[in-house]
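The sequence and the structure are shown first.

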Amino acid sequence: MANLLSETIRRHKAGAAAGVYSVCSAHPLVLEAAIRQTLADGGYLLVEATSNQVDQFGGYTGMTPADFRDLVLELADRFGLERSRVLLGGDHLGPNRWRDRPAEEALALAEELVAAYVSAGYTKIHLDCSMSCAGDPEPPGDELVAARAARLLRVAEQAQSARVGRADCVYVIGTEVPVPGGAHETLERLTATPAAAARHTLERHRAAFADAGLEDVWPRVAALVVQPAVEFDHLQVIDYDRAGTRELLTVLEDEPHLVFEAHSTDYQTTAHLTELVEDHWAILKVGPGLTFALREALFALARIEDELLPADLRSNLVDVVDAVMLAEPGYWEGYYPGTAAEQKIARRYSYSDRLRYYWPHPEVAAAVERLMTNLSALDIPLPLVSQFLPEQFARVRAGELAATPHELAVDKVRDALRPYAAATAGAAWPGTDKEITEIPETSEAGEPVHV
């Protein structure tokens, strides 16, 4: 079985505008949308969990790496996507969750985190030790970051060998600004990572891997995370400007197996995403933009519900969400400055979408379930679909989409995925540009093939 991600990168390095988008969300409706988009595109699906979402203790989703793997694969099975077409990755694996602790304690927990991901079958591993722990210098510096990454690399290799008798994970190194979780401040402007800084990151990691006796792993380092100067905060999006990355692109000239990985590409246009792929950001990460689209869909359905049902029967989803966020502000209050009125708008509508942390909350989940149950029992009048979900209305009128709350919500999320599919040519299979010519076998265990 060909290494799908490595083959995409090989094609990219050979001159094709080949790429893949990475879905960074744990919400089941988002994952369903990604699976169904993949089936429509005829490619493979890369899904990644971040160290904030999923860790050995459950993360904010309550899921361990094995739990999240099972969720993704069960959804793939349900909708008919072969497990061999699902690649699992771990994002920002390192001491981020425990950076308020002394370095040794944080790194020991990070080792457990990496081992849990790799042992559960994740084979695209982002080693991110860029954050300072308690007592560390600020910033920690490339040498310390690389040495710690090498320490976690050894754990990953050992866990992979123990699991399948060989070590063949692929790795991503480097990080972007801001830190995992999103920007804390209003952004003014961004500058792409200087070429010299990117080269130094590569050199330090290469040297640290060699010092740890892991130089043979270097060809499996698939991507370097750098800042292409794309980002979003709660009110604005900074679009890609390829004129600012010309010097940075030269960093990859002598790296036959390396591409760039772009984080925070959410809300970029199809044209900008296409330019990113052409400029060697062959892996495009998207997360908050997908739950933002889901929130748009659910809030639109709540408006439809308001029109159709008396007050005592409604889910009151928007009010429930806001009440829970006010009662438990830990996930948003440090991100949304301003007056009470400005914070209310940000809580509900921010590009940063801190609301995504609250969907698993029991009260919010119960309101969503009531909303979907209420509307599923009704024939939604098409003029209301047109009013609140016009893109979906057009597909309903064309006979391409059912006017049910579930289908409307999933299709709205797919609208956020379609630009990525267009920019990456649908993560085409090896040896093709757009179409599948042969579907590979799953492993004997029925698990995802190794990337």
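## Helix α1 and its end

Helix α1 is followed by Gly15, which has a positive phi, near 115°. The model is a predicted one, and the angles and contacts below are computed from it.

Helix α1 spans residues 4–13 and lies across strands β1, β3, β4, β5, β6, β9 and β10. Of the 10 residues of α1, 7 are buried, so the helix is largely enclosed by the rest of the structure. The buried positions are Leu4, Leu5, Glu7, Thr8, Ile9, Arg11 and His12.

## The barrel

The sheet is a closed barrel of 8 strands with parallel pairing, in the order β1-β2-β3-β4-β5-β6-β9-β10. On average, neighbouring strands of this sheet are turned by 25° against each other, with direction ignored. Strands of a sheet pair through backbone hydrogen bonds, either parallel or antiparallel.

Three of the pairings can be described through their bridges. Strand β3 (residues 86–93) pairs with strand β4 (residues 124–127) in the parallel sense over 3 bridges, and Leu93 has Leu127 of β4 as its bridge partner. Strands β9 and β10 are likewise parallel, with 3 bridges; here Ala262 is partnered by Leu284 of β10. Strands β1 and β10 run parallel and are joined by 4 bridges, with Val286 of β10 as the bridge partner of Val23.

Strand β10 (281–286) therefore pairs with β9 and with β1 under the criterion of at least two bridges between strands. What is the burial state of β10? In this strand, 6 of the 6 residues are buried, so β10 is largely enclosed by the rest of the structure.

## Packing of α4 and α5

Two packed helices are described by the angle between their axes and the distance between the axes. For helix α4 (residues 103–119) and helix α5 (residues 142–164), the axes come within 9 Å and cross at roughly 30°. Angles under 35 degrees count as roughly parallel, and α4 and α5 are therefore roughly parallel to each other. The crossing of α4 past α5 is right-handed.

On the α4 side, the contact is made by Ala103, Glu104, Leu107, Ala108, Ala110, Glu111, Val114, Ala115, Val118 and Ser119. On the α5 side, the contributing residues are Arg148, Arg151, Leu152, Val155, Ala156, Ala159, Gln160 and Arg163. Sorted by class, this contact comprises 11 nonpolar, 2 polar and 5 charged residues. The charged residues include Glu104 and Glu111 of α4, and Arg148, Arg151 and Arg163 of α5. An α-helix has 3.6 residues a turn, so residues three or four places apart point the same way.

## Backbone details in the loops

Which peptide bond is cis, with omega near -10°? It is the bond from Glu138 to Pro139. Pro139 is placed in the loop between β4 and α5.

Tyr267 has a phi of about 75° and sits in the loop between β9 and α8 (270–278). Asp353 has a phi of about 55° and lies in the loop between α11 (340–349) and α12 (362–376). Is Asp353 buried or exposed? With a relative accessible area of 3%, Asp353 is buried, as the cut-off for that class is under 20%.

Key. Residues are numbered from 1 along each chain as its sequence is written. This is a predicted model: local features need pLDDT of at least 70, side-chain atom pairs count only at pLDDT 80 or more; totals for chains, interfaces and linings use all residues. Side-chain values use heavy atoms; hydrogens and water are left out. Helices (H or I, at least four residues) and strands (E, at least two) are DSSP runs, numbered from the N terminus. Axes are lines fitted to C-alpha atoms, for helices over the stretch in contact, and angles run from 0 to 180 degrees between N-to-C directions. Contact means heavy atoms within 4.5 Å. Angles under 35 degrees count as roughly parallel, over 145 as roughly antiparallel, 65 to 115 as roughly perpendicular and the rest as oblique. A crossing is left-handed if the near helix is turned anticlockwise from the far one by less than a right angle, and right-handed if clockwise. Buried means under 20% relative accessible area, exposed over 50%, partly exposed in between (1.4 Å probe, protein chains only).
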